[in-house]
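Subject: The structure we talked about

Hi there,

Here is the structure I promised to pass on to you. Have a look around first, and then read my notes below.

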Number of protein chains: 4
Amino acid sequence: MLEQLKLEVYEANMLLPKYNLVTFTWGNVSGIDRNENLIVIKPSGIPYEELLPEHMVVVDLKGNVVEGELNPSSDTATHVVLYNQFPNIKGIVHTHSPWAVTFAQAGIDIPSSGTTHADTFYGPVPVTRKMTESEVSSEYERQTGDVIVETFEERKINPDYVPAVLVNDHGPFTWGKSAQDAVHHAVVLEEVAKMTYHTLQLNPHGIEMDSYLLDKHFLRKHGANAYYGQK
Amino acid sequence: MLEQLKLEVYEANMLLPKYNLVTFTWGNVSGIDRNENLIVIKPSGIPYEELLPEHMVVVDLKGNVVEGELNPSSDTATHVVLYNQFPNIKGIVHTHSPWAVTFAQAGIDIPSSGTTHADTFYGPVPVTRKMTESEVSSEYERQTGDVIVETFEERKINPDYVPAVLVNDHGPFTWGKSAQDAVHHAVVLEEVAKMTYHTLQLNPHGIEMDSYLLDKHFLRKHGANAYYGQK
Amino acid sequence: MLEQLKLEVYEANMLLPKYNLVTFTWGNVSGIDRNENLIVIKPSGIPYEELLPEHMVVVDLKGNVVEGELNPSSDTATHVVLYNQFPNIKGIVHTHSPWAVTFAQAGIDIPSSGTTHADTFYGPVPVTRKMTESEVSSEYERQTGDVIVETFEERKINPDYVPAVLVNDHGPFTWGKSAQDAVHHAVVLEEVAKMTYHTLQLNPHGIEMDSYLLDKHFLRKHGANAYYGQK
Amino acid sequence: MLEQLKLEVYEANMLLPKYNLVTFTWGNVSGIDRNENLIVIKPSGIPYEELLPEHMVVVDLKGNVVEGELNPSSDTATHVVLYNQFPNIKGIVHTHSPWAVTFAQAGIDIPSSGTTHADTFYGPVPVTRKMTESEVSSEYERQTGDVIVETFEERKINPDYVPAVLVNDHGPFTWGKSAQDAVHHAVVLEEVAKMTYHTLQLNPHGIEMDSYLLDKHFLRKHGANAYYGQK
């Protein structure tokens, strides 16, 4: 069942330690088959050194396990919300990568402060509000997804153009057109968070880039008039 | 004598360079057999490249060498105090890992500023008070253990829930259910110290997380109602 | 056609990941044959793991592709301006190396704050002014080259003595007597940016070195009276 | 001639890249035979990948080349001064390791802020005054040695107890009982500089440790009553 997607999601999970985005088991990647409406996700708490493609767990869009003997990631309910609410995404990554977590713990957006950011994120990477006690105490992981969606809706951010969020006091989620694309965005996010952290130390005020430069770099790589790379 | 424990303690010691927690010989791991009341510990000043399982030294709960031709770690007396006073622990690690040392030298607790912290430490990682001249000049290593115990008693911290401390102007000790578990906590401590250092640079005030989020994350992984990982 | 130069430029490109100057495809190196007035440059968006010498693209000094089936780097027009305006240079590197980008995003020159800097750069590494909306919206990459040249002309900096620039809100370009020499300067720039960032955190004011020490170190390695190294 | 010492000095030089203390050729190690009064030192500007034991250059205590076809390190005159003025040392290292350079460029001593420091350095690692224009313009490298010696004399620091210095706006020199011991001190210096830099960011004032704790740790490892390690 979904053998090709399981392999893809397995390989995307194995990129997390390769890119130094995880310590121990602190991360997970999923992918979705939009025809079957089935999600493939990493099992909970299995060390990356021991992970195999057949460990991947299949869940449906209500979060019920459809196949697999292991418990799915404890963050599965968050992934499920995002797949339901962001209809164009096909892969999701969660990590505790340290520079992104730094902004999440500080409760601060990552401002768009240069072209490295603009090449991937069409505006600041938002931090959610803090979750309330009632949200944390009941269906916490589902509500984590809800607060992400609320952030994009209230701030009118298009998740296809800013494929990342910082959950307050927690860490980043990223997504993309595939599991591997979501990992790509997780790597860029960490690099951008590192650069922008240091930029803020040198120059605490006014590092937001001009909107026309943001437009230029994002649209040079994305959309109908993109001209970066090979056709 | 205690051949299995010697192998475990040796392997746990060898994890310190693997996880980049030590420079030269600046660290040591011990484990205890609670039935025999015997501690196995790294010898003093032996480079990790030359370390062998048979080099491990066996001491009793008064700190007397019971077996082994090498001097035990110069920090042995500190380990002995902790095994006597914290009855549930079975492994101890001491390192000079740089981010934890940063907080120890600054004389500042590591605040609980996010879920990465809360997944392992149920509250701030405390720094001890500075040791007095008389404590330093007489039985220094034993008194180092005493000041750690005092810190947990006076601040009413349960060492099973916060398995780490920063000795002021010195560095971290961590412990756990085994030597390897104590190393695991040493890795988490270093990662959390790094993240929280940077969080404090971005946002110097008010980064302490909400207590209900701390509860949620710690209890999601620990205790009777834990649901992280596989059963 | 230019097989030797293609190999040199290919090898210089492969040094970027070796020296940890690039994430994904965020960098490019070119070289020029000053007799033929032809430039060899990396193709756009090809991962370094897949790059081969025969992928290199040949363009003329107007930026027209002369040979090669792949699109040249999206930054080609910037390289072309620099080869036209800086007649002594034979290699150019562009990266998004994080410490240099930090200064570029902060909009701050890298001051000459020590002999490590002075051994390679005869004065501060300048940051350009921000580009205007009209510059960004029309022939952006060519205008990026123009603003670099303007910076050196207006500030009367000799590009042979300061072989590096920071494009505001973007990142570094470096150049040299060959493609490999330009990479050498990119490595030094990143190291110097890292050191000077930290120096500024310790001592925010007055870290500019004395001009006679700058003279001594630069001229010890460069020019007629140099005495560093072997003859 | 001095084949054993050449091999030792060669191997000590090769430790610099192993411990990540150098970029390109930015470092050198020497050793001395105190019976012959001859110094063995790295040649100038040779990449570490190409360095061989037979490249080592022999100079006398006036700095004259006694054997070797290559130019000795451009810093040879500094080494010669130190061997003449610090009679107990038998090895010297110079690097541009980034954390030590950070303090050198900031013009700030590295304070003794914890036991990691005290285990090796019996007090702050001093920064020299800035060199004057006349010192820089004439016999610069010899005068660099003189200003180091002046620093230790004027501040009454024993170079056997504090085997390191920061040359203002330049970088560190360390020394020891052998070339390898001097490298050991260079590694410790870099680690201590890194930790103390971060400590100063968390707590800018009053991080100097108590003198009795400094005494305890230094004397636990050094001198007649040392008890660290094996006998």
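Predicted model: local features only at pLDDT ≥ 70, side-chain atom pairs only at ≥ 80, totals over all residues.

**A strand in chain C**

Let's begin with strand S1 of chain C, which covers residues 27–33. Is this strand enclosed or open? Seven of its seven residues are buried, so S1(C) is largely enclosed by the rest of the structure.

In a regular strand, side chains alternate between the two faces of the sheet.

Which strands pair with S1(C)? One partner is strand S5 of chain C (residues 91–95), joined to S1(C) by five bridges. Another is strand S2 of chain C (residues 38–41), joined to S1(C) by four bridges. The pairing with S5(C) is antiparallel, and so is the one with S2(C).

Next, follow the chain from S1(C) to S2(C): the two form a hairpin, with four residues between them. In the turn you will find Asn37(C), which has a positive phi of about 55 degrees.

**Where chains A and B meet**

Now move over to the contact between chain B and chain A. How many residues take part? Chain B brings 32 residues and chain A brings 33. About 2900 Å² of area is buried between them, with carbon and sulfur atoms giving 55% of it. Of the area that chain B buries against chain A, 24% is supplied by Leu202(B), Tyr212(B) and Gln230(B), more than by any other three residues.

Two salt bridges are found across this interface. Asp75(A) forms a salt bridge with Arg220(B), and their closest N and O atoms are 3.9 Å apart. There are also 14 residue pairs in polar contact between chain B and chain A.

On the side of chain B that touches chain A, helices H4 (115–118), H7 (179–202) and H8 (211–221) each supply at least two residues. The largest share, twelve residues, comes from H7(B). By type, the residues on this side of chain B divide into eleven nonpolar, 13 polar and eight charged.

Enjoy exploring!

Best wishes

Notes
Residues numbered from 1 in each chain as written. Chains lettered and ligands numbered in written order. Heavy atoms only, no water. Buried < 20%, exposed > 50% of the residue type's maximum accessible area, 1.4 Å probe, protein only. Pairing = 2+ DSSP bridges. Contact = heavy atoms within 4.5 Å. Buried area = accessible area lost by both parts, 1.4 Å probe. Salt bridge = Lys/Arg side-chain N within 4 Å of Asp/Glu carboxyl O. Polar contact = N/O pair within 3.5 Å; in protein donor to acceptor, adjacent residues only side chain to side chain. Nonpolar A, V, L, I, M, F, W, Y, C, P; charged D, E, K, R; others polar.
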